[in-house]
Each structure stands twice: as structure tokens, then as C-alpha cells.
Amino acid sequence: MASSNYFTPQRGNGFPDKSRLTNALPTYSSAVTEKMHRHSRSMSWTVPVSVSIPGVHSRRLRLFMPNPSRVRQIGISRFGRRRGPILLCVVLIASIITVCSFARRFGTEEKQWTTNFGESSTLVFGRDDLQRIWKWEIDSGHYPSNAKIPEQIGLSVPPLNPALPPRKVPTIPSRFRPPPGPVATTTRGDGPRRVYLDVQSMPPNLAYPPRPVPGSVADLDVIMDHCDFSQGKYVRDCLEVLRVGAGLDNGNRLRRGEMDEWKYIYMEQEKENFTDPFTDPIPIANPIAPPRPLISGGETDPNAGLRKKVGVDWETQLPLRAPLQHTPYSSLPAPCNPENPRLFHMFWTGPFTDKPYLALLSFLFTQNVGLHLKDGDALNVCRPEFWMWINPGPAASVPNPSALSDMYEGLKTNPWAAPFLHHRFKDVIKFKLWNTTDQLDGIPELKDEWRELRETLFNSGGHIVSVPAEKSQSKSTEVFSTSAIEDSTNSTDADTSAKPTHTGDNKPDEDDILNRTGSKSSSSYDRLSVILSDMARFVLCHRFGGIYLDADTIFLRDWEELWGWEGAFAYRWSRLEKYNTAVLRMNKNSALGSFLFRTALKNGLDFHPMTVSRYTKDAYLEGLLLRLPDALFDSAWLNTEYYQRERPPQPYFQEFSDFFDTPTQASAAPQALGFEGFFQGAFSYHFHNFWWKPFDASRNWPDLGPKFSAGERAARAAAEPDIDPEDATDRVADDKRDLDWATVLKRTFESYIRGERPNMYGEWLQW
């Protein structure tokens, strides 16, 4: 018989006795008891959660939170395992939307939630002013587009658009009267009809593309259809449409069949005696629904749905001049329209270098300035002018009384600038002295108030650089003190101070941020001049009209068709739906310009492109400053940010530095393809700074031939100090074997000035 030591102790009910556990886990008498206990916990609507109390290590805070298991169990038991979770998500989203709606509907204006989380509103104009701005721009012919007007503007009647042709001519009046919507989002075409052109070189003249037809217009709506990055369009495909539609593929047209969808250039013909039909709308009390009642009374708020800038009152009514009259090019008494001057503006600080030099050469090489005609021959087109604005000293300085004469003396002795003072170019290239005080006083919207904002004058995206109240004398400039602000330009006192440094001989340190005149390297970037240029471009376009270009821009084709489009535009900031104002077109004294300056005045005079994007977005005016695809002016940008690399354009730049230092694997292309193989179809190229990188390292001097040999010798002596310019000889063996794209473009433009080749349209320079 077995010993009792080998048997488990028995309970009175015949079941073995359960040994006690030594750990802290819960114990149950049976599986049924455990299941019932767990079920009772899951049925509770709340579950306890313990949270540590900061500073008290011995105790914990017990909180009761909603029990997700209970909610999930109810959803599954009633609606099933598939529909239950989906329904719960729908209910949660509906609850959040309801709370937000009530907050926006009944909350005070200061407590309303922002639609752009993290960004406060910049809006200072009410709906009435926004409507007036839209109507002024449309009436003046500055909206030749079929794009819709935002509903938030609240127009009750579609305005007549003199820059847009009627959609179609009705043969039989329609009996169908569509019910009008609460607001008008379209315009009614009332302008001249459009004839789209088939532009291409015809045999036997196939060597060069044809000049654009004077007065032709680029339909930017069509370009947006083929080039908009947000719609998945590729830069490569966009450039093909741009060059084929403009006939830049001379003698190399490989596409077959109808190309009507790629035609984007048109001429305005005589106006037809017809306007888009319009049905009188049913009167409505307020086009914006639903209106939000004012806190102070029972009247409806005319600015319902608009988010005003916190802490400021609505601006008084914006004064606007009478709208302009849109006149087709064929009806102008002269080739140039004084209300649409063809001016290119560029801003430059410091000594003239190869960067503005190449910009001016590319201008002469591509634009229709009449250099192929002899002096005295008439040019029956409106030829553009290039205004180079020179800031003679550091950004935080005022020119001395002799600044203008000093500027010209400096240009005459500078080998990069002197060639453009030649009398052959005097009618198309003009140097202008920049004076911030005079320029800001020339803006009616700013002249009485800008001096009060000296603390934010150097404001870039909310980052303010302060100029201390000290004077620093130099040969040609004087940094302002606070007491001199009334007669000066750029003194500021703000949160981020920049203190000037001086050398032992009491001369300012040229590498100090306040004393820099241009960017000499990536570590000595002239940030103040960049901030000043952000404001200068809007000042120049508003005062004089025209197009502003950053100095790191190179022309690649004639801009005739862009001049024909009389609306304002900039271009897209790569993948972001923001502006890059490296190219900026605005009309002189426009309603849009008045809005931007008054809005900037209430937002610290901040003209950074990202901030300007907020100005137009908050006011629903983005349609009046068209954001063109960067393929037109900055074709490499998306590739440098890892977009569209599977189908890149030609050339393929992975970094902007590839323009100056072309990778070895691709270095055969620049010489083999030449200028015609460089983003052909784009209007310009933006190489994004690199002010310190020479275009042509092996020949870093202007090479324009015997007419400008004196400047060449001086620049060559500076570039090669160990070689006497008189003894210097050019040998191919000394040249770089694989030429970079920057070098090829520079030498191409210079060969045109030397008379060794025609320009891109086959026209030879006549001296």
C-alpha cells in the first residue's frame, strides 16, 4: 500500500486543497469565478488609472477614465464586428466637428479657433474691402482667367471681365434659367476674342526659333493645366509643352498629330458684340450663410467667416483709384502701354560681380531689345528695359550726398559693370540708386506710418534683426542712430540685436552682419540685404510696375507672352503651396499692391514670401497673385528636394551646386547640348544664391572682346595676380577639360557680345 506522503491533501468536498501562491497575482476559487470577475470589470463604463504625483513618491493619484472595452463591446454586440468600430469612429469624428462648429458659431472673435493650427490670422480688411479689391482688379483687366473666385468673398453678382472673352455665342435664347447660388464665383466674359497661335519655324528658316509675336499673350490657365505640381504634373512634361507651344523646338518637332491642347499663346482680336448671358439673381439678405450675430446687437455680421488679426481693428476703407481700361495690344496707339510698363527690376548690394553681369548678358541674349538693328532703325515693338538698383553700402545705411556720382564712378572702374555703360545699351539697361527713405516715402500706403516701425524694419518671417542706435562712419555710408531716423532709412531696435564690431583702426569690420555688402561665402551671408530685398521687390513693382527678379536669375527665353498676361504672379515654393517671390509681377498702383502694403504695415512690415503667402490666403486673394508652377522659373527645384527624380527634366540636378560643378557622369552634356539643352522651354533659371562660386573658374573675368579689353585686363590681373596680363596667352590645354553648365552659359552669352554667334533667335548684334 502506498504511503500517504505520495497523495495530495483532500478537502472536505473531495477536491484537492489549493496551495497558496507566494506572488501578488489574484487568486480565484474556480475558472467560473475568475470569468465572472473579469466580465464584471469589462462591463464597467470607467476603469481606474493610477498616475504618479510629482514630488510625492509614496502616493499615486487614482483617476477614472472611460472604458474602451465597454464601448467596443456595446458596438460589437449591437452592430457586429465590422460595422461596430466603423460606426464608433464616425460618431467620434461627428462629435469633434460639432464641438468645433459650436465654437466657431457662438465663440467670440478673439476666442475662435484657427483653421491653420499654429498660425494666427494676418487679415485686417473686412469683406467689403476684399470685394472692392477683387472688382477693381477684374475691371482693370488684371484677371484674364477662368479660375473661380472664392466663395468667402461673397460676391452676389458675377462681375464683367474685360480680359476674358465670352464663353460662347448663343444662337437661340435658352428657356432654362438655372437657379442662382448664394454667391458668385465666376466672372462674365466681356473682352476681345482669343485666337490661339501655332508657333513654329517654317522651312527653310529652321536654324533658330521665331521671335514671339508682338502683343501675344500666354494663357496661364492652360499652363497650369499642364504644369501644376499639386495635380501630379511633371516638370519634364511641362517644359515640353512650353517649348512646343512657343516653337522653341525648331527643326526638331517629333510629335505628330493635333496639338490644340498644347497651344497656350494667343492674340486678342477685336471685341465681339456679345457678353456672357446673365440671369438676375434672386435677392438674398446676406450671401454668406449662415451669418453670425454680433455680440453687441442683433444685426448680422458682414464679416462672418473671416478671421481678423487678433488685437487690431478692421482697417478703414481702402482708398483705390479708378479702375483701368483694358485695351488689347492691337488697339494701343503705341507699342507700349504706359499702365503696363515693361520693366525688369533687380536689386544689388555691394561691388558688382559676375552674378549681375551674367543676368544682364542673358537679358541681352534673349529679350527683344533691338540690338540687331542699327542705330536709327525703328523697332515696332515695346522693348523692355532692365533697371539695376544699386544699394551702395550695407543694408542698414544711408547714402552720402555724393552717392549717385560715387555709384557711377564705381561702375566705370568695375570690369564686370563697365561694359553695360556702353552707349549701345543705354536705352535698355539703366542703373538706379536705391534709397530706402525715398522709396518708402513714395508708397502712399506707407509714407505716413513706416517710421513708427523702425523696430521691425528688418523683419523676415517674424525674425527681426536689430540695428543698435550707434553711428559707424565709413567712406561712403553712415549707419543710423535713433535720433536720425526721421531723415534716414533702416534703423531698427528689436528683439534680436546685432552689434557692430570694429577693427583696431576704428574701421567697421566688413564681416560683421551690419557691415556686409554682399555674400562672400556661405558663412558670411548678407542677411540684412536679403531682408531689404524682400521689401524692395514689392516697393519697386508697386511704384513703377513691371517684374522683379532676384539677382541669381538667368533669362532663358523671350518674356513677350508673359508681358501680355496683365495679371500679377509669383511662383510656387517647390512642393509647398506658398509663394517664392524670386520672380514677382505686379501692376503699378494696383488694389492688390495697396492691400499688401497696408496688411504688411499691420504685421510688422514683413515681406518674407511665406508671410506674403499668409496675407493673400487669409484674405482669399490668392487668385489675384497667381502662384505659377516653379517649372517656369526654377525647373531644378523639385529634383533637389527628392521629387520627380524618376522622370527628371534635362539637365538633371540633384543639388543646386550641380550647375556650378556638374557631376562627372553628366559633364558631357553641357558642351554637347549647349544653351539649347538647358531647361529648354523655361523662361528663366534660378540658381539659388552661390554668390561666392564663379561661373567660369578657369576664366573668371569678362571676356567680351576688343571693345572691352581694358576691363578684361584689369579683371584678369585680379584673377591671375602672378601673370602679367600683357604676357597672358590663352591655351586650350589650360582650360578645364569638362565644362560645367555655368561655364557654358557664360561663354555662350559672351560670344554673342563678341559677335561670334547670333542670339537665341538668330539675330546678330549690330554695333
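In this report a residue is called buried when its relative accessible area is under 20%, exposed when that area is over 50%, and partly exposed in between (1.4 Å probe, protein chains only). The structure is a predicted model, in which local features need pLDDT of at least 70, side-chain atom pairs count only at pLDDT 80 or more, and totals for chains, interfaces and linings use all residues. Residues are numbered from 1 along each chain as its sequence is written, and side-chain values use heavy atoms, with hydrogens and water left out.

**Aromatic pairs**

A pair of aromatic rings is described by the distance of the centres and the angle of the planes. Here, rings of Phe, Tyr and Trp (its six-membered ring) pair if their centres lie within 6.5 Å; planes under 30 degrees apart count as stacked, over 60 as edge-to-face and the rest as tilted. The structure contains 55 aromatic pairs. One of them joins Phe125 and Phe595 in a tilted arrangement, with 5.8 Å from centre to centre and 45 degrees between the planes. Phe125 is in the loop between helix 2 (68–106) and helix 3 (127–139), while Phe595 is in helix 11 (residues 591–601), so the pair ties together parts that are 470 residues apart in sequence. Helices (H or I, at least four residues) and strands (E, at least two) are DSSP runs, numbered from the N terminus. Phe125 is buried, at 0% relative accessibility, and Phe595 is buried, also at 0%.

Phe344 and Phe555 form an edge-to-face pair, because their ring centres are 5.0 Å apart and their planes stand at 75 degrees. This pair links distant parts of the chain, with Phe344 in strand 8 (residues 343–349) and Phe555 in strand 17 (residues 553–555), 211 residues apart. Both Phe344 and Phe555 are buried.

**Charges over rings**

A charge sits over a ring if NZ of Lys or CZ of Arg is within 6 Å of the ring centre and within 35 degrees of the ring normal. Lys355 is placed over the face of Phe695, 4.7 Å from the ring centre. Arg647 is placed over the face of Tyr234, at 4.9 Å from the ring centre.

**Strand 18 and its partners**

Strand 18 (residues 568–573) has five of its six residues buried, so it is largely enclosed by the rest of the structure. Two strands pair if DSSP finds at least two bridges between them. Strand 18 runs parallel to strand 20 (residues 625–628), and four bridges join the two; Tyr571 has Leu628 of strand 20 as its bridge partner. With strand 19 (residues 576–586), strand 18 pairs in the antiparallel sense, over four bridges, and Trp573 has Leu576 of strand 19 as its bridge partner. Strand 18 and strand 19 make a hairpin with two residues between them, and Ser574 in the turn has a positive phi of about 50 degrees.

**Salt bridges**

A salt bridge is a side-chain nitrogen of Lys or Arg within 4 Å of a carboxyl oxygen of Asp or Glu.

| Salt bridge | N to O distance |
|---|---|
| Asp260 and Lys263 | 3.2 Å |
| Asp441 and Arg451 | 3.0 Å |
| Glu750 and Lys746 | 2.8 Å |

Asp260 is partly exposed, with a relative accessible area of 49%, and Lys263 is partly exposed at 22%. Asp441 is partly exposed at 28%, whereas Arg451 is buried at 16%. Glu750 and Lys746 both belong to helix 16 (residues 741–754) and are four residues apart, about one turn of the helix. Glu750 is buried, with a relative accessible area of 1%, and Lys746 is buried at 1% relative accessibility. Salt bridges that share partners also join Arg699, Asp703, Glu712, Arg716, Glu720, Asp730, Arg754 and Glu756 into one network.

**A nonpolar surface patch**

Val49, Val51, Ile53, Leu61, Leu63 and Met65 form a nonpolar patch on the surface, with about 430 Å² of accessible area together. Patches are made of residues with over 30% relative accessible area and no salt bridge; like charges are joined within 9 Å, and nonpolar side chains (Val, Leu, Ile, Met, Phe, Trp, Tyr) within 5 Å. Accessible areas come from the Shrake-Rupley method with a 1.4 Å probe, and for residues only the protein chains shown count as cover. Strand 1 (46–53) and strand 2 (56–66) each supply at least two residues of this patch. Met65 is in strand 2 and is partly exposed, with a relative accessible area of 41%.
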